[in-house]
Each structure stands twice: as structure tokens, then as C-alpha cells.
Amino acid sequence: MRDASLRESRAGAAGKHALLIGLSFLAIFPFYWALNTSFKSPGEIYSPSLFPAHWTFDNYVQAWQAIPMARMLTNSLTVAVGQTVTQLLTSVLAAYAFTRWEFRGRHALYALISLTWLVPFQVIMIPNYVVISDWGLRNSLLGLIIPNVASAFAVLQLYQTFRSFPKALVEAAQLDGASSWGILWRVIFPNLRASIASIGVLLFISSWNDYFWPLLVTNKPEYSTLQIGLQSFMSTEANQWGPLMAATTIASLPILLIYLLLQRQIIDSFVKGGLR
């Protein structure tokens, strides 16, 4: 009886591992295919070989010369950092207000913010586009950042984090005469810095990968992000797969670097907060 139970347990574990290996392969293979193609010569692009027969960096040189790569990388970094910093700032202030202040309509306002999280981007992109156009911010980095200075996702995540912060520490700071501003930045923020940083990493990745909003607002290469520059290698006549995969690999490097440096914080954020 015990042997049969042990065999069932091993079979279940083997099935789970097989499933995880299959899912990992599906997640990793597209990046491997892009990286492999980026080092192939034009004659090998459609070859099913696992590695290039003749390694070449020509695709990277062609991609770098075809579009203003450095400018687009700078734009992507500026927009991602700008959105992440402003979203964290507004979310920290909102989460503190919702958890520490009692005011009329607090629960209704929090519920309203929660509902905005469920609204698809396609619903609000036209109103945002009209406002940005009226303000004369099309083809500008401000036009990319301003509509995204607040994040309902970050507010909801930080709300739960702030609620778990010990009230005794806040009350002790109040007895010492600390103001609300001082309690937030001298007591709460230093103790929750790791959780806030984890959410910041997720916000940065989301901002970096954004495609539709930059595509809608910018049509000049000097104001476009790198994600928009990738489409210049695709046309109705033919796709330049080699340079496209080289540019895609370059666009992926900052995110991969962040993941390698902050792997534990990113996984903790997904585990604690779940996926949208």
C-alpha cells in the first residue's frame, strides 16, 4: 500500500515537472529563436539549424544604422523611468491616505480606483489622445508620460502593503510629534522599501514594453521609443528578419539585466500580488 502511494507520488511529481519543463520551453524558445536569427546571415535566416553556420554581427550593424537606436533607447529609458517614478510617488501617497486617514467617501474612492484597473486601455486611449493633442504634447516624451503618472495596480498593491504595517510604530511616531509627512517618509517608507522597489520593477517592465500608446502619440523617430522602431523593419513587401531580431535582442537586454539583478524581488512581487 505504501509502495503504491509512493509510486503515485513520484508519478505526480514527474507529471508536474514535465508540465513545467514544457511551459518553460514555450517561454524561452521565442527569445532563443530571435537571438539565434540575429546572428545568422541572410542566406541562413530560414534555416532550421539550432545555431548559425557562420556567425555574423552584420544584422546588429544594419539595425543600428537603419534607425536612431541610441536615441530610441534613451527615449524608452526616459519614459520608463519617468512613468515608474511618478507612478510610485502617486501610489505611495494614495496608499498612505487610504490606510491612515479617515475621510468621507474613502471607501467609495478606493472602489472607484479599483474599478479603473479593470478598464481596458483601448477604452481610454482615444480620450487621452484628444487631451494630449489639445495640450500640444504629441510627438513629445511628456505626452507619453503624463497619461500614465498614476497606476491603479500600484495603488492596490501598496494599499495591502501599507495595511500590514504595524500601527504601534505609527502611533509611537505620532506621540513623538511626527507629522503625517514625517511618518510616511521616515517611518513607513524605509521599512517598506523592499516591497515598494519590487512593485517599481514591475511598473518599469510594463512601461518599457508599452507599444500602443507610443505608436498612437508619436510619428517622428526622434520622439519614438525603441518598441516603435522595431516596426520599421517590417513592411508589406518583405520583412528584414535579421535586423529585426537584432533590434529585438537589443530592446530585451535592459529588461533581462534588471531581471538578473532583481530576480528575487520580481518573483516575490508576482507571488504576492498575482498577475493582472
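**Exercises: a cavity and a helix**

About 60 Å³ of space lies in the largest cavity of this predicted model. Let's work through it together, then turn to a helix.

**Exercise 1.** Find how many cavities of 30 Å³ or more there are, and describe the lining of the largest cavity by class.

*Solution.* Start with the count, which comes to 1 cavity at that cut-off of 30 Å³ or more. Next, pick out the lining residues in the structure: S76, V79, Q83, S207, W208, D210, P214, T225 and Q227. Finally, sort them by class, which gives 5 polar, 3 nonpolar and 1 charged residues.

**Exercise 2.** Which helix gives the most to the lining of the largest cavity?

*Solution.* Look for elements that supply at least two lining residues each: α3 and α10 (193–208) both do. Of the elements, α3 gives the most, with 3 residues. As a check on confidence, α3 also has the highest mean pLDDT in the protein chain, at 93, while helix α14 (residues 263–273) has the lowest, at 67. The chain average is 86, and 95% of the residues score at least 70.

Definitions and conventions
Residues numbered from 1 in each chain as written. Predicted model: local features only at pLDDT ≥ 70, side-chain atom pairs only at ≥ 80, totals over all residues. Heavy atoms only, no water. pLDDT = per-residue confidence, 0-100. Helix = DSSP H or I, 4+ residues; strand = E, 2+ residues; numbered from the N terminus. 1 Å grid on protein atoms, 1.4 Å probe; cavity = no way out; pocket = protein on both sides within 12 Å on 5 of 7 lines; lining within 4 Å. Points joined across faces, edges and corners; volume = space filled by probe spheres on them. Nonpolar A, V, L, I, M, F, W, Y, C, P; charged D, E, K, R; others polar.
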